[in-house]
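Here is a short briefing on one protein model. Look at the pocket, the sheet and the aromatic rings as you read.

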Amino acid sequence: MDVYEVLFQRCLEHRVIVDDKKVPLWTISKEDIEEGRVDFNLQWESLQDLAISLYEFKREQLKSKELIKLPIEEILVGIAFLKSKESGYLIIDDTSNMYTCINYLSDIITARINCIAKYYYLIKKPLNTNIFDEVILKFPQKKDIRTNNMQDLKEIVFKLKNLQFDI
């Protein structure tokens, strides 16, 4: 089981409210959603609100030397189930807003990895190294690590959105 399968399983355990009862996400049905009986128990009202929060998380993480607390399961559930805000004159597309949120989430994950690499993992060449240490430690190490997780995140979101709760 890879990390994205574990993340998907954790998303399935996200507590939602159906008919005033807290239940795990995996117990809901399409009818529950269509009939409006599900409260996804999220801190955002729309995909736009979520995108703004993700942008703020990203800015905060880029500035910080610490890892910012991030409710990743709740974010993925939000991307899957929140709708776009209706706007009088703009054409709102849920799919493009979902992709915007996924892009921001991927950027946050990249920023977190870079934070770990920069502050928690040895990246500066010690003064007392010799050529053998340099070869073994492969200095200088990359300073800007990029993640390639967009497809995995999209897969999780669309499996949640389509209620494909099997692994």
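Rings of Phe, Tyr and Trp count as a pair if their centres lie within 6.5 Å. By that rule, the structure holds three aromatic pairs. Keep in mind that this is a predicted model.

**Aromatic rings**

- A pair of rings is described by the distance of the centres and the angle of the planes.
- Take Phe40 and Phe81: their ring centres are 4.4 Å apart.
- Planes under 30 degrees apart count as stacked. The planes of Phe40 and Phe81 are at 10°, so this pair is stacked.
- Where do the two residues lie? Phe40 is in the loop between E3 and helix H3 (47-63), while Phe81 is in helix H4.
- The pair therefore ties together parts that are 41 residues apart in sequence.
- Are Phe40 and Phe81 buried or exposed? Both Phe40 and Phe81 are buried.
- Another ring has a charge over it: the charged end of Lys159 sits over the ring of Phe8, 4.4 Å from the ring's centre.

**The largest pocket**

- The largest pocket has a volume of about 270 Å³.
- Helix H2 (30-34) and helix H4 (72-81) are the elements that each give two or more residues to its lining.
- H2 gives the most, with three residues.
- The lining includes Lys30, Ile33 and Glu34. Ala80, Phe81, Leu82 and Lys83 are also among the lining residues.
- Phe40 lines the pocket too, as do Lys161, Asn162 and Leu163.
- What kinds of residue make up the lining? Six are nonpolar, one is polar and four are charged.

**Helix H4**

- H4 is mostly covered, with ten of its ten residues buried.
- Among the buried residues of H4 are Ile72, Ile75, Leu76, Val77 and Ile79.
- Glu73 and Glu74 of H4 are buried as well.
- Ala80 and Phe81 are buried residues of H4, and both also line the largest pocket.

**The sheet**

- Strands of a sheet pair through backbone hydrogen bonds, either parallel or antiparallel.
- Here, three strands form an open sheet in the order E2-E1-E3, with antiparallel pairing.
- Which strands are at the edges? They are strand E2 (21-24) and strand E3 (38-39), and each pairs on one side only.
- How many bridges join strand E1 (residues 15-18) to E2? Four bridges join these antiparallel strands.
- Look at Val18: its bridge partner in E2 is Lys21.

Methods
Residues are numbered from 1 along each chain as its sequence is written. This is a predicted model: local features need pLDDT of at least 70, side-chain atom pairs count only at pLDDT 80 or more; totals for chains, interfaces and linings use all residues. Side-chain values use heavy atoms; hydrogens and water are left out. On a 1 Å grid over the protein atoms alone, a cavity is a set of points where a 1.4 Å probe fits but cannot get out, and a pocket is an open set with protein on both sides within 12 Å along at least five of seven lines; lining residues have an atom within 4 Å of a point. Grid points are joined across faces, edges and corners, and a volume is the space filled by probe spheres set on the points. Ala, Val, Leu, Ile, Met, Phe, Trp, Tyr, Cys and Pro count as nonpolar, Asp, Glu, Lys and Arg as charged, and the others, Gly among them, as polar. Buried means under 20% relative accessible area, exposed over 50%, partly exposed in between (1.4 Å probe, protein chains only). Two strands pair if DSSP finds at least two bridges between them. Rings of Phe, Tyr and Trp (its six-membered ring) pair if their centres lie within 6.5 Å; planes under 30 degrees apart count as stacked, over 60 as edge-to-face and the rest as tilted. A charge sits over a ring if NZ of Lys or CZ of Arg is within 6 Å of the ring centre and within 35 degrees of the ring normal.
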